[in-house]
Structure formats: structure tokens, C-alpha cells
Amino acid sequence: MMIAASNREKTRRDWGDRLVILIPALWLTVFFLIPCLIVLKISLSQTTIAQPPYVPVLDLGAGWPGIKDFIAGLSFDNYKVLGSDWLYLTSYLRSLVIAGLSTFILLLIGYPIAYGIARAPRQLQAVLVMAVFLPFLTAFLIRIYAWINILQREGLLNDALIALGIVREPVVWLATDAAIVLGIVYSYLPFMVLPLYATLEKMDESLLEAAADLGAPRWKAFWLVTVPLSASGIIAGALLCFIPIAGEFVIPDLLGGSDALMIGQTLWTEFFQNKDWPVASAVAIALLVILLAPILIYQHLQMRALEIADA
């Protein structure tokens, strides 16, 4: 009887373990994989003046001949357009450059903030973390429009620079890459600080004491002990920032100029202005493939680290 009860308990645990895996897998399938497959299908279609604005359209009522005609109508022509049109190539390149530069600046700013919070007294850490996130409880668009007022020619930034004697006349900030990077760094700072803080807060401070006992100065102990131990937080924060920044639309659209577009703006233009859904879908799929690369590399490195640790 005890064996039967033990088997039932084990069966319940097995089903519980399966549900823990099944629920997020189902969520990702419904809200990520299936939409991506739909976009992939549209990217292999051709533009037409119809509803929907692309062909071929799958008609299951036509049976197997309809399915064969549907497959025969798919092509990679839209991806050839991406590779041959300099507009898309420059949009991708500009997005990656701005995303990389912004992520680097975020790391330079976010690491000292996270380090300071992690070294603060325990009772103050929660307050300091909340202070980082408090400005971001305001609506995103309101904050970006506030930056428009700050960066305009007669805005607060130019008034402050002139009052301090740094410049003699107003500087053009809006519609520049500097304004885009500034808006991105301001908007994404919590996404860099939080994973860094989570990593630094768990670090064993006795390791720094051991390094000091061995004669290492504070800067060397920081570089050789703290930074390597916080590498997982650095990578996680960089990915959390770099990936959404590369596809950012609102900030470059409001703070940047129209002469040089990021890929998010190009994507929006193809969908809503040109009504070219197949090309826009190809742009989206290509961006997804580009952004999946750093995630897969990070996962591979994590698996290798676990294998080395287990060995």
C-alpha cells in the first residue's frame, strides 16, 4: 500500500514537472513560433493589390492541387531584394552600430550604478533599486516627448550649456544620432542595471579580501575578481539592451532625422506606407535571424561553462 502511494506521489510530481515545461513551451509556440511562421510565409510571397496584399494564399478547400500551387508560388525574391538594395543594408548596419554603441554606453553607466547598489547597506538596496526604476513608471511616450522639449534648440539642455559658458549659441541636438543614443541610454538603463545588480549582489566579498591579502591593489582585485565573476550579468544586460535597441522604432522616429533610418523605421515604412507586406516580412525575418545569433552564442558559451564546471 505504501508502494502504491509512493508511485502515485511520483506520478503527480512527474505531471507537475511536465506542466512546468509544457506551459511556457505552449506559450512560446502560440505567441512566438506560430506568428514567426506566418511572417516567414508572407516573406516568401509576392506583393499584389488585393486583400490580403500578397499571393499566394493557402486555400485548403482546393485540396492537394491547391497546396501544390501554393508551395510553387513561394520564392526567396524578397530576400534577394534585401541583399541588392543598399537602403536595407545601411538600415541594418546603422541599427547594429547604434545598438552596439548604446549598449556599450549603458554598460559604462550601469555597471558603477549596479556596483554601488550592491555595496550599499542591505536595508538601502531595495530603495536604491526602486530609485533606478521610479522615473520609468511614467508612460514611455511622455518621457520621450519630454526629451524632445529638453533637446530642442531653445530647450533646457542648450539653456544650461549657455548658462555654464560651455557653448555660445544653441547646439542642434534633435534629428541627430546623438539624440537617438541619448534617448536609448535613458530608456534602457534599468535593463542593464538590474541583471548587473543581481550578479554583483550575490558575489562573495571574501574573494576580494583574499585578493587584498595576496597583495593585489583594489583596482586590480576589481579587474581580476569582480569583473570576471560578474560576466554573466554583463552578458545578460548587454543582450537585454542590444536586442530590442536594434529593432527600436519610437525613439529614432521621434528624436532622429529622416535622412538615415534604423531598421525599425524601414520596417514600419514598408508595412504601413508602401503596403509591401512581403518585403517588410523579409526585413523582419532577417532581423530576427541577426538578433538570434548573439543569443545562440551566449547559450553555447553557457553550456560549455556548465560542462567544464561539471567535469
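I started with the contacts of Asn78, taking contact as heavy atoms within 4.5 Å. Skipping neighbours within four places in sequence, I find Asn78 touching Ile42, Ser43, Leu44 and Ser45, and also Pro278, Val279 and Ala282.

Before going on, a note on ground rules: this is a predicted model, where local features need pLDDT of at least 70 and side-chain atom pairs count only at pLDDT 80 or more, while totals for chains, interfaces and linings use all residues. Residues are numbered from 1 along each chain as its sequence is written, and side-chain values use heavy atoms, with hydrogens and water left out.

Where does Asn78 lie? I place Asn78 in helix 3, residues 77-84 (helices are DSSP runs of H or I, at least four residues, and strands are runs of E, at least two, numbered from the N terminus).

Buried or exposed? I looked up Asn78 and got 9% relative accessibility, so Asn78 counts as buried (buried is under 20% relative accessible area, exposed over 50%, partly exposed in between, with a 1.4 Å probe and protein chains only).

Next I checked Phe76, which sits in the loop between helix 2 (63-72) and helix 3. Phe76 counts as exposed because its relative accessibility is 56%. I also noted that its C-alpha is 61 Å from that of Leu214, 138 residues apart along the chain.

Phe76 pairs with Tyr79: I have 6.1 Å centre to centre and 50° between the planes, a tilted pair. For the record, rings of Phe, Tyr and Trp (its six-membered ring) pair if their centres lie within 6.5 Å; planes under 30 degrees apart are stacked, over 60 edge-to-face, the rest tilted. Tyr79 itself is partly exposed, at 22% relative accessible area.

Searching the whole structure, I get 12 aromatic pairs. Ring pairs also join Tyr54, Phe249, Trp268, Phe271, Phe272 and Trp277 into a cluster.

Then the whole chain. I count 14 helices and two strands. The radius of gyration is 26 Å, well over the 19 Å from the globule rule for 311 residues, so the chain is more spread out than a compact globule (radius taken over C-alpha atoms; the rule is 2.2 Å times the number of residues to the power 0.38). Along its principal axes, I read about 85 × 75 × 35 Å for the C-alpha trace.

Among contacts with a separation of 6 or more, I get 71% from residues 24 or more positions apart.
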